[in-house]
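Visitor: Hi! I have a model open and would like to talk it through with you. Could you bring it up on your side too?

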Amino acid sequence: MSASRFTGGVELATGIGLRSPHYAHILSEKPTVDWFEIISENYMVEGGRPLEVLDMILEQYRVVQHGVGLYPGNAGGIDRDHLKRLKRLVKRTNTPWISDHLCWGSIDGSMSHDLLPIPFTFEAVRKTAENLRMTQDFLEVPLAVENVSSYGDFNGNEMTEWEFLAEVSELADVGILLDVNNIYVSSINNGFDPLEYVNFVPPERVAQIHIAGHSRYERFIIDTHDHPVIDPVWKLYERAIERCGTVATLLEWDGKIPSFEEVWTEARKSETWRESALAKKADHAAA
């Protein structure tokens with residue numbers, strides 16, 4: 001909701017991901033939703049049903065692009081063909097900002113099709129920031145980077161994940177897409193305090209927040225986006241809002257997708273947590 005140069009001056013409230021099981025409901029019922037997030041790569045095509053639906057959605061709703069294939073942590077740089085196709089979609093959607101993950105995913109032309117964590121080193125900060133600066137300049141739209149879920153640590157890390165995120169975003173001069181579920185997942189898997197993470201992130205750079213559910217297994221919890229948001233994640237969200245203000249919030253639900261109404265009801269729970277966070281912030285200011 002708060003506007004900044006990292007959101008292109010646009011204020012947005014609560015949104016959900018645009019997913020194919022909900023196409024028919026959205027087009028026929030025209031529900032009141034502030035905005036939809038799309039996975040960019042699903043629409044970086046020459047034609048077909050996805051673009052046909054997207055164009056109908058764009059007639060009525062604000063759409064924000066979120067990517068899974070930029071891989072700014074790649075040592076070999078950014079794929080220029082990917083950037084050209086991405087920019088064509090940016091012009092089609094008029095997205096106020098674009099986001100992707102702080103990760104790497106390909107080497108020597110081979111694609112992992114996964115969001116692989118970057119070693120938290122000063123050299124990786126430099127190279128990743130260089131890739132992000134070039135990307136933002138090429139796309140001509142504000143860029144935000146998202147913290148990914150992780151399931152282990154590199155022995156050669158020279159800083160914490162939250163320090164790495166802050167250093168990269170500062171050096172590249174990009175925004176942050178703060179995924180509080182990913183913070184929680186990584187904190188359980190890797191044994192750190194998630195509140196320390198949220199409290200360290202530079203609030204003025206946070207353009208957007210993701211909330212989601214996850215799955216718990218014997219040794220790890222996995223970022224599956226196929227369950228409702230749990231209370232510890234909502235509490236991290238509340239703290240993030242208390243620090244960052246009323247940032248655009250997006251519920252991710254990508255597996256075992258229920259009805260549109262169930263997803264939208266879950267997303268709108270964020271409004272109650274935002275009100276609580278802002279009340280706490282006001283109380284602290286008055287104290």
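This is a predicted model: local features need pLDDT of at least 70, side-chain atom pairs count only at pLDDT 80 or more; totals for chains, interfaces and linings use all residues.

Visitor: Noted. Is E130 buried, exposed or partly exposed?
Guide: E130 counts as partly exposed, because its relative accessibility is 33%, and the buried class ends under 20% while the exposed class starts over 50%.

Visitor: Let me zoom out. What does the secondary structure of the chain come to?
Guide: Nine helices and twelve strands. The radius of gyration is 18 Å, close to the 19 Å that the globule rule gives for 287 residues, so the chain is as compact as a globular protein of that length.

Visitor: What box do the C-alpha atoms fill?
Guide: Roughly 50 × 50 × 40 Å, taken along the principal axes.

Visitor: How much of the chain counts as buried, and what about the surface?
Guide: Of the 287 residues, 55% count as buried. The chain exposes about 12700 Å², and carbon and sulfur atoms supply 51% of that area.

Visitor: What about contacts between residues at least 6 apart in sequence?
Guide: Among those contacts, 78% join residues at least 24 apart.

Visitor: Charges next. How many positive and negative side chains are there?
Guide: There are 27 positive and 44 negative side chains, and the centres of the two sets lie 4 Å apart.

Visitor: Now to helix α8. What span should it have, and what do its ends say?
Guide: Helix α8 covers residues 231-244, and at 1.5 Å a residue its 14 residues should span 20 Å. The end C-alpha atoms are 20 Å apart, which agrees.

Visitor: Which residues of α8 are buried?
Guide: V233, W234, L236, Y237, E238, A240, I241, E242 and C244.

Visitor: And what do they pack against?
Guide: The helices are α6 (180-190), α7 (194-200) and α9 (260-286). The strands are β8 (175-179), β9 (206-212) and β12 (248-252).

Visitor: Pick one of those residues for me. What does V233 touch?
Guide: Leaving out residues up to four places away in sequence, V233 touches V180, N181, Y184, A212 and H214. V233 counts as buried because its relative accessibility is 0%. Its C-alpha atom is also 9.1 Å from that of N182, a residue 51 places away in sequence.

Visitor: What happens with phi just after α8?
Guide: G245 takes a positive phi of about 90° there.

Visitor: Where are they, and are they buried or exposed?
Guide: E140 is in the loop between α4 (122-139) and β7 (143-146), and it counts as exposed at 62% relative accessibility. H225 is in the loop between β11 (221-222) and α8, and it is buried, with a relative accessible area of 9%.

Visitor: Last one, I118. Where is it found, and what does it touch?
Guide: I118 is in the loop between β6 (110-116) and α4. Not counting residues up to four places away in sequence, it touches G73, L102, C103, W104, A124, T128, F154 and F164. I118 counts as buried, at 4% relative accessibility.

Visitor: And how far is I118 from I38?
Guide: They are 24 Å apart in space, C-alpha to C-alpha, and 80 residues apart in sequence.

Conventions
Residues are numbered from 1 along each chain as its sequence is written. Side-chain values use heavy atoms; hydrogens and water are left out. Helices (H or I, at least four residues) and strands (E, at least two) are DSSP runs, numbered from the N terminus. The expected span of a helix is 1.5 Å times one less than its number of residues. Buried means under 20% relative accessible area, exposed over 50%, partly exposed in between (1.4 Å probe, protein chains only). Contact means heavy atoms within 4.5 Å. The radius of gyration is taken over C-alpha atoms; the globule rule is 2.2 Å times the number of residues to the power 0.38. Accessible areas come from the Shrake-Rupley method with a 1.4 Å probe; for residues, only the protein chains shown count as cover. Lys and Arg count as positive and Asp and Glu as negative; His and the chain ends are not counted. The place of a charge is taken as NZ of Lys, CZ of Arg, CG of Asp or CD of Glu.
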